Structure formats: C-alpha cells, structure tokens
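Thank you all for making time this morning.

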Amino acid sequence: MVTSKDVAKLAGVSHTTVSRAFRKDAKIKKETYDRIMKISRELGYVPNQIASSLRQKKTKNVGIIISHGFNPLFLDLTHSIETELARHGYRLLLSFDDGDLQQQQNILQSLASAQVDVILFTPLAKSEEDLEQLHTWMVHTGIHFIQLIGDPFEDITSFKFDDEQGAYLGTRHLLSKGHRNILLIGGVNRVNGYLRAYEQLQYTPAFPYRDLTGSNDAESYSNIKAALLAQKPTAVFPVSTSLSYLTYEVIAELKLRIPEDISFLAFDDERWLQLLRISVIGHPTQALASSIVREILSYEENSEEVYPSSTSFKPFLLERSSVRAFNEETKSSLTGPAS
C-alpha cells in the first residue's frame, strides 16, 4: 500500500506538505505542488478522503489521552490545561488508554469522529509500521495533534520535559554531596544524563547501569531490593513515580533510615514526597500547561497553516532533607539501622 510517506520521500518534502498539497493550500509553491501531484499519480497514491471529511467545523472540544493515569504529574497537567481552556470557552474530553496501543488507537478514532479540534496524546506506537499507519491516518483527519512527553513524529508539534537533563541534575547533586556509589533506578531514556554527570566531574560509576524496572510492581520491587543488598549504594535515585514509591517501600523493609543510612532523591514532586521531606527533581508543570493552551488558541487564527514545533522544558532541583553529605566517616550500612 502506497502511503504519504512514500510520496514525501520521493518529493523531498514532509508528510505535512503532502497533506497540504492535497488540501490545495495556496501557500505551497506551484513547483512543489506539481511535483507532489506527479509523484502521487505515478505511485497511485490517493489520500483518505473519508477521514478528511470528518473535519468540517470548529467544536471548541479538545481531546486528551492519558497513558499514565496514576501519575499525579499528568493529572496536575490535565487539570491546569482544562482550567485555562475553560476560560476561553473550550471543553476538555479526557480518556485513559492504560498504556495500551490498541486502546489508544481506538480512542484516537473516537475523538476524531466526535470532531474535536485538537488531540493531545503520548504516542505509544514503537514499530515503524505502527508509526506509519498512525501518521497516515492523522495527517488526513484535519485535526491538530499535539504530542505530550514522547515525540516520535518530527512533523507534529510536541511538548516535553528534558528528563535527561533532570537525571544529570540529580546525579550531579548527589556527586557534589560526596556520593560515588549512586544507584539509578529505572530511566533507560535518562541514563545518559546520569553518565554525563559522572563524566563531567571525572568520576566512574561504581557499577554498570542496569534497568531495574520489571514487568510488574512485584518484579520491580524484587529487583530493587536485590540491587540495594548487592551493591550497597550510599544514595538511590529512582526516576519515575512508581519506582520512587517501590524504592521507599524496600528501604522501609530493610529498616534503613533516610538520610542517615541511605540518601534518597526522586523524580516528580508528589505530596507524599513533600511530607517526607524527600529531595526531588521537579518539573514546571504550569509553564507546560500554559504553553500548550497558547498553542491550541493559536489554531483559531491560523487553522490550516501550522508549522510543527518542539518545546522542551527544563527540570529543577528541590532540596529538602533526604540527601546527606557523604564521606568516609559517614558510610551507610544495609544491614539495618545504625545503633
């Protein structure tokens, strides 16, 4: 099956430009338009006009699909977006895909059928085939899509946090406190920041990185416990909401005190972490929400000609009392609480 990607590749343009050509966008140069049409005829490519016809009028409805339903950060982000959009007469339609690709695709099609103006989602597709199928469908709906956190589609607007920088900030903070044996828990996509901090300060990690995330919480818990007992880190740095909670449970089971026996630094500033005075790498959630809303409102004035952009927000360190300055006289012990 010939797709817009095939046409775009041969024409030397983006998927979006191919879509705009078939919508007869007047801003496309005639030579570009003619080249796209010629290649389309040669390949036998025809856009999905049924999908295109879904887009007929403004509804002021925005769909958002949450893939991390139990992550307070995403719930806070959604609440902020909804509050700001409501001031401008928009309604937010909320769905959960539970991290399931097929469920996400079903929700995307349902929202498109409901003629929403914009869809916010975190793409779950990983394979080239799934990405191509999803992209082909999206570019012909006439709906504006915005990627949250993930950004596999280069020609679709995205907003995300620079979590690699967050891992760097956290690791550098722990190193500055004298810790060398730092256990990074989770974060395959953030390990480069962890390694960069060690490299910049000219230290070598005490042990090779290994992702401790299991297929379920029980497996993750077991992996974290085994790593703590085997590697005896002076500081732990879990980089997701669920892993932070599991790590704290393991520390409690081992009867270790924070920070006397082990230092603890987490990702995302949740209420329970605030109450326990755990230092965290925080994220500018309100700034992200405001930027997303501004992007959505911009579509009112420029509904057709929208150029994709990618915006990354920098995390920050919130110091509390869970990280102890470490030296040879204050070594931690994983055998139990200090006597």
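Predicted model: local features only at pLDDT ≥ 70, side-chain atom pairs only at ≥ 80, totals over all residues.

Residues are numbered from 1 along each chain as its sequence is written, and side-chain values use heavy atoms, with hydrogens and water left out.

Let me start with the chain. The protein chain has 13 helices and eleven strands, where helices (H or I, at least four residues) and strands (E, at least two) are DSSP runs numbered from the N terminus. Along its principal axes, the C-alpha trace spans about 80 × 40 × 35 Å. Of the 339 residues, 50% count as buried, meaning under 20% relative accessible area with a 1.4 Å probe and protein chains only. If we take contacts, that is, heavy atoms within 4.5 Å, with a separation of 6 or more, then 73% of them join residues 24 or more positions apart.

Now to the helix pair. Helix α2 (residues 15-22) packs with helix α3 (residues 30-43) at an angle of about 90°, and their axes lie 10 Å apart; the axes are lines fitted to C-alpha atoms over the stretch in contact, and angles run from 0 to 180 degrees between N-to-C directions. That makes α2 roughly perpendicular to α3, a term for angles of 65 to 115 degrees. On the α2 side, Thr17, Val18, Ala21 and Phe22 meet Thr32, Tyr33, Ile36, Met37 and Ser40 of α3.

Next, two residues. Leu175 sits in helix α8 and is buried, with a relative accessible area of 2%. Not counting residues up to four places away in sequence, Leu175 touches Arg180, Ile182, Ala197, Tyr198, Leu201 and Tyr203. Its C-alpha atom is separated by 9.2 Å from that of Phe326, which is 151 residues away along the chain. Ser279, in turn, belongs to strand β9 (residues 279-282), and at 2% relative accessibility Ser279 also counts as buried. Beyond its neighbours within four places in sequence, Ser279 has contacts that include Phe264, Leu265, Glu319 and Val323.

Finally, the spaces. On a 1 Å grid over the protein atoms alone, a cavity is a set of points where a 1.4 Å probe fits but cannot get out, and a pocket is an open set with protein on both sides within 12 Å along at least five of seven lines, with lining residues having an atom within 4 Å of a point. Grid points are joined across faces, edges and corners, and a volume is the space filled by probe spheres set on the points.

How much space lies in the largest pocket? The answer is about 1,500 Å³, and the pocket is lined by 45 residues, of which His68, Asn71, Asn189, Arg190 and Ser240 lie nearest its centre. Helix α11 gives the most to this lining, with four residues.

Methods. Parallel < 35°, antiparallel > 145°, perpendicular 65-115°, else oblique.
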